Structures are given as C-alpha cells and as structure tokens.
Amino acid sequence: MLEVRNVSLYYGGICAVNDMSLEVAEGEIVGLIGTNGAGKTSLFNVITGFARASSGTVRFLGRDVTGYSGPRIAQAGMLRTFQTPVGFPKMTVMENMLVFSRADAAARPSIFRGASPARAVLEEAMEFLAIFGLAARAGDWVQDLAAPELKMLEFARAMMAHPKMLLLDEPAAGVNPALQGNLIEHIGALRRRGVTFLVVDHNLRFIRDICDRAYAMADGRLIASGPTGDVLNNPDVIRLYLGGGAGEEAA
Amino acid sequence: MINRFATISRRALLGGATALALGSAAPPASFAQEGDIKLGLLIGLTGDMGPWAPALNNAAILAVEEINAAGGILGRKVQLVTEDNNSAVAGAVRGATKLVSVDAVSAIIGPESDPIVALRSFAKDNKVPVISTSAGTEALDKAGGTGTYIYRTNASDSFLGVVHAKLLLDEMGQKEIALVVENLEGTMSGANTFRKAYERLGGKIVKEVVLAPGQSSYQAEVRAVADTDPDMVFLAVGQTAGVNFVKQAYQRGYDWKYWVTAELQSPDFVNAAGVEIVQGTINPVSSQVENAESWERFSAAYEARFGEKPEPGFYQAETYDAFIAVALAIEAAGDASGEAVDANLTKVSGPDGKKVISFEEGREALKAGEDIDYEGASGSLDFDEFGNVTIPATRMLQITEDGSWQTIKVIDSSNFPAN
Amino acid sequence: MEGILLFAISIGTLAAIYGMVTLALNLETGTGPLWDLGIVSFFGIGAYAYVILTAAPAEGHQHYLYGFGLPMWLGVIGAALAGAVAAWFIGLPSLRLRKEYFLIVTLAFAEVLRQLYINEDWLTNGVAGIYGLEQPLRGLVEARQYTYVLFALAICGLLAVWALTRMISLSAFGRACKALRENEALAITAGIDPRRTSMVLYVLAGAFTAVAGVFYVWYNTLVVPGQFSSDLTFFVWTALIIGGVGSSRGALFGAFIFILLHDSLRFLQVSGETAVTLTSLRTALIGLLLILILRFRPNGIFPETRVVFKLPDRAKAAEGAKRKGLA
C-alpha cells in the first residue's frame, strides 16, 4: 500500500532523513521507532506531503505521490495525526468532525453549500463520537476538551474521512496506561474496518502491543527492520534506547 | 493652496494652544434660546487641517462676538456652532448634515477644498449656503454664485496662478523659469494654474520636476533642474521637501534664485534651510491693500481678543469676512433662512452701494435703506457670478540678509484676469 | 426632532457602509485565516473602478482620460469585479507568505495603491479627485428626503453583504476557512488547500469591499486619494475588535457603535468657543471607551459563538455504533 524508496531529506546542510526505505502492506500495523531526532517525524512529513524529499520516491496505492501537496495526499486517502493533538480549538467537536467528512470535501468548491449538513453525515459523526466517548461533547468547543478527549477526537475525526491509511505520530504520548489499552482497542477495531497504520512512537511497549512489523531509525537512517519482536531485541536498538536511559517506559 | 502637510509653524501651534486655553477658561455659554440665529463653522479640527483650525475658529468667535455686541442680527442673538469635518470628505458630509438637520444653521462656513466640493449638491438640496474660506480648488472656479449656495471668500488657485505669472513676467522680467513641484494636492494645483497662466502670458517653463513627498534625498531632482541651468526656480513644495531641496542644491554649488508659494513663506523655512541659502527668495502673498482700514481694524480687534496678530495666509480674515457678510445678508433680507442668505450675499458684498467695514456700520446703513458693499478684512469681498472673489493687492515678500520676510512691493492685482 | 432623525440617518448610512467593510474583514479575519491590513485597497479600487466606469468625461481643468458614463448597475458589477481581480493580483505573491508577513505586505500594497491614485493623473485625476458624481434614484424624491433613500440603499447593501458573508462562513467552505484559521497543518490533512482556499476567500472579501466602496462614492459624491489611506483599515479593524472578531453580529455592532461614538459626541458641544477643546477631548474619550470595552470584554462585545447543529440522538448513535460492531 505504501512504499518508500531511498528517501533523503536535507534541511540546508543537515541530513534529517538519509536514504530511508520502508513498506506497509494493506491491513498491516507497522511501527517506526527511534530516539528523538532520529528523523521519524521528518520521514512522516515527506510521506504526507508536508516536506519535499530531496531524493527518493513515495508510492501510495500503486501511485507515485512523491512531491504531492499535503491536501492532495489527504484526498488520496492517507491521513496523519500530529504529536500534540489540539484540533481546531475554536470550533465545536461536531465542526471538527464535519471538516474531515467527505460531504464537506465535496461541498467545498461551492462557497455556499454545506451550511446544514445532511442528516446521514451528522448521524455518522455522532456514531464515531459515541465510539470514542465524545458524543456528549459534540456541541462543545474543542478548546474546552481535556487532553484525553483531544486524543480520542483525533481518531474520531480521522474516521470521518474514511482513510485507507493512518499515520499516527506518537499516539501514546501523554496518555495514561489505562487509556493506552483503550487506544489499542480502537486501533484494532479500525484495522478490522480495513485501515492500514504506520505508527511512530517512543513507547516501545505500545509498539510491541500493536505493531506487526517495525522499522528502527537512528540519525536519519534505517538501523533495523522486521517483525516487531525482532526489531525490539536487536542489539543496536537496545543500545540506542538504553543509552538514552529511557527503556520501555519511554514516553 | 496652503499645503496641508507642510510643517506646522510654531506660531500656528502657539495660536492653537492659546485658543485651547481660552476655550476651556471661558464660562459655559447658555444653551441656544429659541430665536437665536445659528451660524455653522465646519472645519478640520482633527486630521490634516487640525493645526490651522483653531485660528479659523478664533476668527469666527471674534465675528460672532462683535455681532452680538452690536445687538445681534435682526435683534436676535447669534450662536456659533463649530463642527469638525475630520479634514475629510465623509466627515464634512456628516458634520454638515448635523449642522443643517440638528442645529438648523443659516449658513455653513469654512469647509476646505475637498469638503466643499463634496457639499455642492448638499448645499443646494438643503438650501443652505456653504462658504469656504480657504479652498483653492479649481473645481469651484465656475461652480458657485447666487442660486448655487456655494461661495468662497479666498482667492482661487487659478487666480493665484495668474498673480504668480504676472509678477514674474511684469515685475521681475523673468521669461524663463524651472518649476519644481511636490506631489501634494495643494502644491500640484498651485503649480498647474501657474504653468497655465505663465505659458499663456508668454513665459517659458524650461524644466518641470516633480518631488515625491517624504524623501530625504532629492539629488536626482536637483541634477535634473541643473541640466537646464536656470537662473530662477519656482518652488511649489511643502516645508520639509522645500528645505531638503534647497539645501541639497546649495551643497552641489547651485546658486539659484527662488520664487516660492505660500507653503514656504514662514520663518521656519528660513531657519531650517539657513539664511545664506535662501536669502533673496521671493513670495507673493495676497493681501488687503496697504493700510486698508478694514484690515487694520480686524487685525487690532483680533490681537486685542486673542493676544496675537492674525497671520497672512492663515485665512482668519477670510473666515471673519464670511461671517460678517452672512450676518449682513440676513439683516438685509430680514430673514435668517439659507435661501435669504443665498439671495443677498452677493448683494451686500458689493461692489455697488455704500462701503462698510463692520457689521454694525452695515446694519445701520441697511436700516437707513441704503445698499451696502461690505469691504472685508481680507479684501473688497466682491463675489462674482460664480461666488468667487478677487484679491485687491499682492504683497511681494523677500527674505532679507537677517532672515526675515520683508515687503519689497505691494502691487495692485485687482485688475488681473480671474484665471 | 426630524432634524436629529435626519442626522442619525446620515451617520447610519456611513455606519452601514463601514459595516459592509467590517463584515468583509470579518469574513477574512474572523472566519478565515487572513490578517488583512490592506482592506482599504479594495475599498479604493471599487470606488475608482465605479467612478471611471460611470463618470462623465473630464471637464477642461480635469486630467482623467476615461469617464465612460456607463449605467450605475454596470459600474457596481465592474467595481466588484475590479475588487476581485485586485485581490487576486495582491493575493498571488502575498498569500504565499506567513500570517505576519501577509499583514505587512497587504499594508504596503494599500499604500502603493494610494500612491497610484495620486500619481496616475490620467486615470484618477490625481490628488484633485473626481467630483460631482451622481447618486442612484436621485430623482425619485424631493432632494432633502434623499438622505432616506441613500440610507435605505445602504441598508439593503449591508443586508446583502451580511447574508452572503453569513452563508459563506456557515458553509462547508466557511468551515474549511475556519479550520485554516485554527490549525493550518491539521486542515491540510483534511484535504484543504490553504492557498487556494485563502485565495477564494480573499477574492470574495475584495469584491464585497469594492461594492462598499461604491456606496462610499454615493455618500460623498466624489473620490479623492486621501479617502483611501490606511486610516480606514484601522478604523474597520478597531470596529471589528470592539464588536467581536469572528461574529457577524459583532462586526455589524462594532461598525455602528464606533461611528455613533464618534458622532454622538458632537452633541456635547456647548458653544463655538469650546469646540476646539471638545474635539480633542473627543478622541481621547473614544480611546478611553475602547480601552474599557476591551478591559471588560476582551473578546469584543459579541464574541464568536458556537455553531449549533441539530444533533442526532446520542443514545441512538451509540446503538448504531454497536450494531456496526465498532464499539
């Protein structure tokens, strides 16, 4: 589904991503680990059109999407989340949902349509909100939500777009262990609905719990890949994380 | 054609401060009684004209106080209503609407060029005369007069253009000149009318250079003027640009004689540029003929009331005259309506009839059944068919060795063509 | 009494015109992400475009080459188009910039345009301006009553701009603009193209403001470059901030209250002698009032409110989710 080939990214003279390749097949949940500054988010940015690769190609659903703009990649069905989920603070939870809906995307070219969304769209949004425990807050401003609710809203919102693939940037960051279990369940449920995942996280336990395979990065390059267990037991990876002193609980 | 953006003269500021002090110290006047006659003064108290406005307001106060001291118009007390027009068109429309709708004034006096142009149809629609005392704009050259409700008591830029041209050609024998103009409304208008008149009367403009406002260097412009090697340069520019230009020309070794417009006629210009640079510079100002009784009388009264002399070029006399003329028009008609003022304004101002120089004198003559000709502090104040006046005399001022502006000659300009 | 009403109507007309601009600014800045410090650009473009299209040919002492003498309705359409095209031109380079730079560039463009009005004598008659312009429906009523007609027209214009900006800001497009305002990166992941969306928004605001410029011409019966200085931009911004950024009610209220504040103080005057003092106090008084408003209502008098939808039943939604095996 997603195929990254020999991607490099330079910011001025600094190399953020160095000749990275990775693949994600349909229905997989793939992890991408590495310490701070390893280049994970930079790679995310290249894949999702937020940064332009200095070299290399990105293919999505068999199409070469290298150099596509962010909105175009999103329209192609690849959605990403951000490390700090803030949403659209001064819009209601429901508006946040609608912005991601296909109905809105279709109505946007006309500047007048979509003022009162179709019943079906509102119902669908409400269902997703119910799933993520946010139904009661549909009419509230997002800036009034608590941090865990914001996290849940990330998923609920993403569902509205019916993405084929979700790129999660540190979904477990700042989430307490109880809620982490919740998150894992939700990701599992989404996968059953046919969503493919690429997940960046520091939290190795979380990665182990959800990912089929994993890639490990250091200094912008790939240092290990394979089934999650193997990667996490790779001596280079262990050294990297122990050196950082963070271990499995790194968050 | 006073340049609104010119550096404010120190005296103007002092005048403003005095007016403020007097204004706040004065006891609150009683509210209008039924039967009071109201006259409106609509000027730019805020905005670009702000620095000049207090002087005009003073002149209006003086006129109204004199009228009331003489027993009012038609035996009714006169009340001055001063309104701000923000020195802008929209402000003028609002201010005028307030003066007419709320205060029901008999006339609106004072609006500057843009404001009065904007009030042309307003004046006619509401049957209220609008009389400018400082608008130089050519748009009024043929626009006013009895029946149009539009007048002005100051000379048009077109007339000043003729004055400049005639004096240069006839008095100075200057057949060629370089023209330097700053791109501002007042200065452009002044330069255009001058060019037209000068060329028509046989003069030749060897070079015309436009200065963009607000630049610190005019080296390129100085060079452009120098290319034609003129011996006299006509400066229609504001103070800041004027000082920069003459200094930079001097630094490059050019020893031109300057002929300047009213914008530069101030001690500040001399001080800022330096006497050695601008000595000999000439400026013609419109004035009442020398020792005219009406001017002396006004000047003395103004000084007694406000502790300073009225300034030539500040339009105080023009403003004062407008009030007195309106008062006399009402007196002549026996009616304080705008229509009555419009119908009688030209009549009471002359040129036929008994010459009077104050409201009281005029009223007595009217009571005696005589026709009157109000002789203003600013000039003879004879409105022509277009509501314009000519200026009786022009005073040629020159900067002397000690840096002061001295009158070198007073020329009778009453027979100059109007434009 | 009728006099006071006439005066109120006259300033109401001006408030309605400013209201249109404030609504257009609210569309850009309140709904959308554009911090436009050059909204006066379109006001001026609209006014000049209208005048050039509809004015009579120049008289002897005037310098402009074109006065096409077209009917007024064509002038209005032309003005809206000119505003839209101008916005597009200014938007091309400036919408690539970050918010803060956009602010500076739009401010600079406004000044450049004012210089154009001043210097392009052949088109605009320069600093002298073009005057004696006609007003619509003039012949319908007696001259003194025309104030009411113009007021009615301005109110119709204001209502139209209000309805249109409101429809736009509530639409899916409007939501996209709000999303860009709130979080551009996240909006991109929703498939919203920041530059395209901003451009459409900017062009719309340009067209609305240009139409307001036509009303301004009707109100003043002339155009001069001095009318289109950045003072107007700041006036409108202040009105919007007092009223409440992001709320069309606030935008309207802000425009009216700000104008009324300016002019109601005219009634404080006691005599001609105190006028000078009072006028300088007036500015200070308005400043003080603004500070007080912002002290106690930092988000304006009518802050932005939540958009309310008729939401489906929660219990049913939960059930539906369960049925689909999602929860």
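A polar contact is a pair of N or O atoms within 3.5 Å, where, within protein, one atom must be able to donate a hydrogen and the other to accept it. Keep that rule in mind for what follows. This is a predicted model.

Start with how the chains meet. Two pairs of chains touch, and the pair A and C has the most contacts. Chains A and B do not touch. Their nearest C-alpha atoms lie 34 Å apart. Chains B and C do meet, and their interface comes next.

Chain B brings 46 residues to this contact. Chain C brings 41 residues. Together the two chains bury about 3500 Å². Carbon and sulfur atoms give 59% of that area. On the chain B side, B:Arg94, B:Asp125 and B:Asn183 lose the most area to chain C. Together they make up 16% of what that side buries.

What polar links join the two chains? The rule finds five residue pairs in polar contact across the interface of chain B and chain C, both residues of each pair being at pLDDT 80 or more. Between chain B and chain C there are also two salt bridges. One of them pairs C:Arg138 with B:Asp125. Its closest N and O atoms are 2.1 Å apart.

Which elements of chain B face chain C? Those that give two or more residues are α1, α2 (53-69), β2 (78-84), α3 (89-101), α4 (113-118), α5 (120-126) and α7 (185-200) of chain B. Helix α3(B) gives the largest share, with ten residues. By type, the chain B side divides into 19 nonpolar, 15 polar and twelve charged residues.

One of those elements calls for care. Helix α1 of chain B, residues 10-25, has the lowest confidence in the chain, at a mean of 38. Strand β3 of chain B, residues 108-109, has the highest, at 97. Over residues 1-33 of chain B the pLDDT is below 50. Beyond near neighbours in sequence, this stretch still has 65 contacts in the model. Where pLDDT is low, the predicted coordinates should not be read in detail. Chain B as a whole averages a pLDDT of 86, and 90% of its residues score at least 70.

Now look inside chain B. The domain assignment gives domain 1 (37-154 + 315-380) and domain 2 (158-286 + 393-412). The C-alpha centres of these domains of chain B are 33 Å apart. Four residues of domain 1 of chain B are in contact with five residues of domain 2 of chain B. The area buried between them is about 370 Å², with 21% from carbon and sulfur atoms. B:Asp114, B:Glu138 and B:Asp141 supply 76% of the area that domain 1 of chain B buries here, more than any other three residues.

How many salt bridges cross between these two domains of chain B? There is one. B:Glu138 pairs with B:Lys196, with the closest N and O atoms 3.1 Å apart. The domain 1 side has no nonpolar residues, one polar and three charged.

Chain A is also divided into two domains. Domain 1 of chain A covers 1-77 + 163-245, and domain 2 of chain A covers 88-159. Their C-alpha centres lie 26 Å apart. The contact takes 13 residues from domain 1 of chain A and nine from domain 2 of chain A.

A:Leu179, A:His186 and A:Leu190 supply 42% of the area that domain 1 of chain A buries against domain 2 of chain A, more than any other three residues. The count of salt bridges between these domains of chain A is zero. Three residue pairs are in polar contact, both residues at pLDDT 80 or more.

On the domain 1 side of chain A, β7 (165-169) and α7 (177-192) are the elements that give two or more residues. Helix α7(A) gives the most, with five residues. That side of the contact divides into ten nonpolar, one polar and two charged residues.

Key
Residues numbered from 1 in each chain as written. Chains lettered and ligands numbered in written order. Predicted model: local features only at pLDDT ≥ 70, side-chain atom pairs only at ≥ 80, totals over all residues. Heavy atoms only, no water. Domains from an automatic or database assignment. Contact = heavy atoms within 4.5 Å. Buried area = accessible area lost by both parts, 1.4 Å probe. Salt bridge = Lys/Arg side-chain N within 4 Å of Asp/Glu carboxyl O. Polar contact = N/O pair within 3.5 Å; in protein donor to acceptor, adjacent residues only side chain to side chain. Helix = DSSP H or I, 4+ residues; strand = E, 2+ residues; numbered from the N terminus. Nonpolar A, V, L, I, M, F, W, Y, C, P; charged D, E, K, R; others polar. pLDDT = per-residue confidence, 0-100.
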